[in-house]
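Here is a short briefing to read beside the model on your screen. Keep the viewer open and click along as you go.

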Amino acid sequence: ALHSFSIDATTGALTELAGSPRSAGTGLPGPNSLAPAPDDQSLYFATGPGNLLRAYRLDTSLGTPTEMTGSPFVVASGSTRPVPTPRVPALYVGGNAGVAAWLRGSSLSGLLGSPYSVPGNSSSLAFDPSARYLYAWSSPGGVSTLTMFDILAGGVLQPKSTLTTAFALGNLTSDPSGRFLFGADPDTGAVTAITVQSVNGTLNIVTGGSFNAGVGAGRITITK
């Protein structure tokens with residue numbers, strides 16, 4: 001189920017909104033990895049069993065969610081957390097079929113060419129700070145592979161370059177300048193650092209390759 005609350009601005013206390021909780025579908029698990037749009041006017045999440053993407057419009061004053069027409073939408077198995085981009089009204093989800101993309105609006109409509117191919121299952125997605133590029137990590141046959149896409153007008157993706165790495169690139173994170181990209185391998189604790197040449201799309205592993213953050217390393221946070 002999807003629960004929604006208002007927050008008291010003084011005390012921080014939560015009050016459940018009218019109509020909450022809302023069903024996320026019979027036999028499905030509850031929402032996982034909720035993804036609000038940058039304008040805070042819509043909300044998305046993918047479910048594992050059933051391979052469905054649910055999309056909601058949010059009331060601009062109360063925040064009450066209303067499921068969009070056409071929701072839920074079918075997605076590939078192994079789908080990632082949905083990632084909406086702030087620069088164009090698009091939404092991306094990785095999975096066994098590559099990177100699926102939709103145009104965001106009062107509902108979702110598939111973009112031309114979607115899903116976009118990557119080697120194997122795309123299990124981690126990230127943008128550069130300007131949202132000009134989308135990065136997708138996959139590991140076909142155990143070969144860690146990073147694919148870089150240009151984000152064209154309307155959110156359509158165009159492959160730009162690829163890079164193979166020695167370690168997994170979970171929780172991909174770009175630094176604020178967009179010049180570097182980092183990914184963590186929880187099994188080995190290796191954090192891989194990559195340079196990004198945005199003009200020609202060249203991706204290179206930095207000198208030293210990877211850095212040890214301890215087994216179980218997960219989310220990466222960058223501070224200025």
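This is a predicted model: local features need pLDDT of at least 70, side-chain atom pairs count only at pLDDT 80 or more; totals for chains, interfaces and linings use all residues.

Residues are numbered from 1 along each chain as its sequence is written, and side-chain values use heavy atoms, with hydrogens and water left out.

- Let's start with strand E4 (residues 42–47), where six of the six residues are buried, so the strand is largely enclosed by the rest of the structure.
- Here, buried means under 20% relative accessible area, exposed means over 50%, and partly exposed is in between (1.4 Å probe, protein chains only).
- Strands, like helices, are DSSP runs numbered from the N terminus; a strand (E) has at least two residues and a helix (H or I) at least four.
- Ser42, Tyr44 and Ala46 point one way from E4, Leu43, Phe45 and Thr47 point the other way, and all are buried.
- E4 pairs with strand E5 (residues 52–58) in the antiparallel sense over six bridges; two strands count as paired if DSSP finds at least two bridges between them.
- Within this pairing, look for phenylalanine 45 opposite arginine 54 in E5.

**A four-stranded open sheet**

- Four strands in the order E8-E9-E10-E11 form an open sheet with antiparallel pairing.
- Its edge strands are E8 (83–84) and E11 (108–110), each of which pairs on one side only.
- E8 joins strand E9 (residues 90–95) through two bridges in the antiparallel sense, and proline 84 stands opposite leucine 91 in E9.

**Salt bridges**

- Side chains of opposite charge can pair when their charged atoms come close.
- How many salt bridges does a search of the whole structure find? There are three, where a salt bridge is a side-chain nitrogen of Lys or Arg within 4 Å of a carboxyl oxygen of Asp or Glu.
- Arginine 54 forms a salt bridge with glutamate 67, with the closest N and O atoms 2.7 Å apart.
- Arginine 54 lies in strand E5 and glutamate 67 in strand E6 (residues 65–67), so this pair ties together parts that are 13 residues apart in sequence.
- Arginine 54 is buried at a relative accessible area of 8%, whereas glutamate 67 is partly exposed at 31%.
- Lysine 160 and aspartate 150 meet through their side chains in a salt bridge (3.4 Å, N to O).
- That pair links distant parts of the chain, ten residues apart: lysine 160 is in strand E15 (residues 157–165) and aspartate 150 in strand E14 (residues 144–151).
- Lysine 160 is partly exposed at 27% relative accessibility, and aspartate 150 is buried at 15%.
- Arginine 132 forms a salt bridge with aspartate 128, where the closest N and O atoms are 4.0 Å apart.
- Arginine 132 counts as partly exposed at 39% relative accessibility, while aspartate 128 counts as buried at 6%.

**The largest pocket**

- Rolling a probe the size of a water molecule over the atoms shows where empty space is left.
- The largest pocket holds about 760 Å³ of space, and a volume here is the space filled by probe spheres set on grid points joined across faces, edges and corners.
- A pocket is an open set of points on a 1 Å grid over the protein atoms alone, where a 1.4 Å probe fits, with protein on both sides within 12 Å along at least five of seven lines; lining residues have an atom within 4 Å of a point.
- The lining has 32 residues, of which Arg81, Leu125, Ala126, Leu172 and Arg219 lie nearest the pocket's centre.
- Strand E3 (32–36), E8, strand E12 (122–127) and strand E16 (170–174) are the elements that give two or more residues to this lining.

**Surface patch and distances**

- Phe5, Ile7 and Leu14 make a nonpolar surface patch of about 330 Å².
- Patch residues have over 30% relative accessible area and no salt bridge, with nonpolar side chains (Val, Leu, Ile, Met, Phe, Trp, Tyr) joined within 5 Å and like charges within 9 Å; accessible areas come from the Shrake-Rupley method with a 1.4 Å probe, and for residues only the protein chains shown count as cover.
- Isoleucine 7 is in strand E1 (residues 5–7) and is exposed, with a relative accessible area of 63%.
- Aspartate 187, in the loop between strand E17 (180–185) and E18, is exposed at 66% relative accessible area.
- The C-alpha atoms of aspartate 187 and threonine 69 are separated by 41 Å, and the two residues are 118 residues apart along the chain.
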